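An account in running paragraphs would be welcome.

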Amino acid sequence: METDIPILHQDQSSPTPKHIFILSGQSNMAGRGGVSKHHHWDGVVPPDCQPHPSIIRLNAKLNWEPAREPLHCDIDTRKVCGVGPGLSFANAVREQLGSECVGLVPCAVGGTAIKEWARGQHLYESMVKRSQESVKSRGEVKALLWYQGESDTSSHHDAKAYKANMETLIHNVRQDLGLPSLPIIQVAIASGDARYMETVREAQLGVNLPNVICVDAKGLPLKEDHLHLTTEAQVKLGHILADAFLTHFIAPSQSSSLA
């Protein structure tokens, strides 16, 4: 039976978000920093990922609440989540946006291929619904941060189809959110099946659409599983994403006037 979309509730202790960012993709966006091979998070939160009163997140029940690691704990529920790039990104962006509240909308789910993010699929529709609910508090979606593709490196067909699938995803999410110029910052993968990893990376780096940029995770430290970024790498990636957003989508005069 279909259920009604829950009403967005505002935690009375949380401010209203003005700048909203969608965090989506698979496990390296959800965050596995500090998660051991025995599936236990060490609980270590680096200084750059510490909570801040003006950073909040939309939880699984569509309530705004203070953002803290692990950001995806109630979203990517099939695996243990740890540190991802979201909070280091938000803290870096917040410093340039002054006192205005930053809202994070975690949507990433580990082990998912891009075909699972096609329009009509559960993950895509959930991301769109969560994004639509997030702006009911009168904030504005500023960007979609996307880190996915490792699950598309095992098949030649999937790897070759990645670029077209990613461009379709960008078109669809912009259309469904009514934001035709929504900034998209995608991360070129740093790990995956060696057979077709470079094919997927070339696809990611080769997307040439307005307001779409790609940052590269290659070279960032990986955990012993050779798949997931370490906590240190996630902090660095958050900074890279923040630099990309501020450089490409925030005019210097705007950030200085907000500070």
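Helices α2 and α6 cross in a right-handed manner; a crossing is called right-handed if the near helix is turned clockwise from the far one by less than a right angle, and left-handed if anticlockwise. The contact is formed by S88, F89, A92, V93 and Q96 of α2 together with Q234, V235, G238, H239, L241, A242, F245 and L246 of α6, where contact means heavy atoms within 4.5 Å. By class, these residues comprise 8 nonpolar, 5 polar and no charged; Ala, Val, Leu, Ile, Met, Phe, Trp, Tyr, Cys and Pro count as nonpolar, Asp, Glu, Lys and Arg as charged, and the others, Gly among them, as polar. The axes of α2 (residues 86-97) and α6 (residues 231-249) come within 7 Å and cross at roughly 40°. Such axes are lines fitted to C-alpha atoms, for helices over the stretch in contact, with angles running from 0 to 180 degrees between N-to-C directions. Helices (H or I, at least four residues) and strands (E, at least two) are DSSP runs numbered from the N terminus.

The model is predicted: local features need pLDDT of at least 70 and side-chain atom pairs count only at pLDDT 80 or more, whereas totals for chains, interfaces and linings use all residues. Residues are numbered from 1 along each chain as its sequence is written, and side-chain values use heavy atoms, with hydrogens and water left out.

Helix α2 is mostly covered, with 10 of its 12 residues buried; buried means under 20% relative accessible area, exposed over 50%, and partly exposed in between (1.4 Å probe, protein chains only). The buried residues are G86, L87, S88, F89, A90, N91, A92, V93, R94 and L97. Just after α2, G98 takes a positive phi of about 70°.

A second pair of helices is formed by α3 and α4, which pack at an angle of about 35° with their axes 10 Å apart. Their crossing is right-handed. Here Y124, M127, V128, S131 and Q132 of α3 meet L169, N172, V173, D176 and L177 of α4, a set that divides into 6 nonpolar, 3 polar and 1 charged. An α-helix has 3.6 residues a turn, so residues three or four places apart point the same way. The buried residues of α3 are L123, Y124, M127, V128, R130, S131, E133 and S134. What covers them includes β2 (19-25), β3, β4 (63-66), β5 (102-106), β6 (140-147) and α4 (156-177). The 13 residues of α3 (residues 122-134) should span 18 Å, in agreement with the 18 Å between its end C-alpha atoms.

The loop between α3 and β6 holds S137 and R138. S137 is buried at 16% relative accessibility, and its side chain reaches the backbone oxygen of S134 at 3.2 Å. R138, by contrast, is exposed, with a relative accessible area of 81%, and has a positive phi of about 75° although it is not a glycine. Most residues other than glycine have a negative phi, and most peptide bonds are trans. H226, in the loop between β8 (212-216) and α6, likewise has a positive phi, near 60°, and counts as exposed at 61% relative accessibility. In the loop between β4 and α2 lies P70, which is joined to E69 by a cis peptide bond with omega of about -10°.

Which side chain does R32 join through a polar contact? The partner is D76, at 2.6 Å; a polar contact is a pair of N or O atoms within 3.5 Å, and within protein one must be able to donate a hydrogen and the other to accept it, while residues adjacent in sequence count only if both atoms are side-chain atoms. R32 lies in the loop between α1 (27-30) and β3 (55-58) and is buried, with a relative accessible area of 6%. Beyond residues up to four places away in sequence, R32 touches several others, including S27, K79, C81, K223, H228 and Q234.

Key
Expected span 1.5 Å × (residues − 1).
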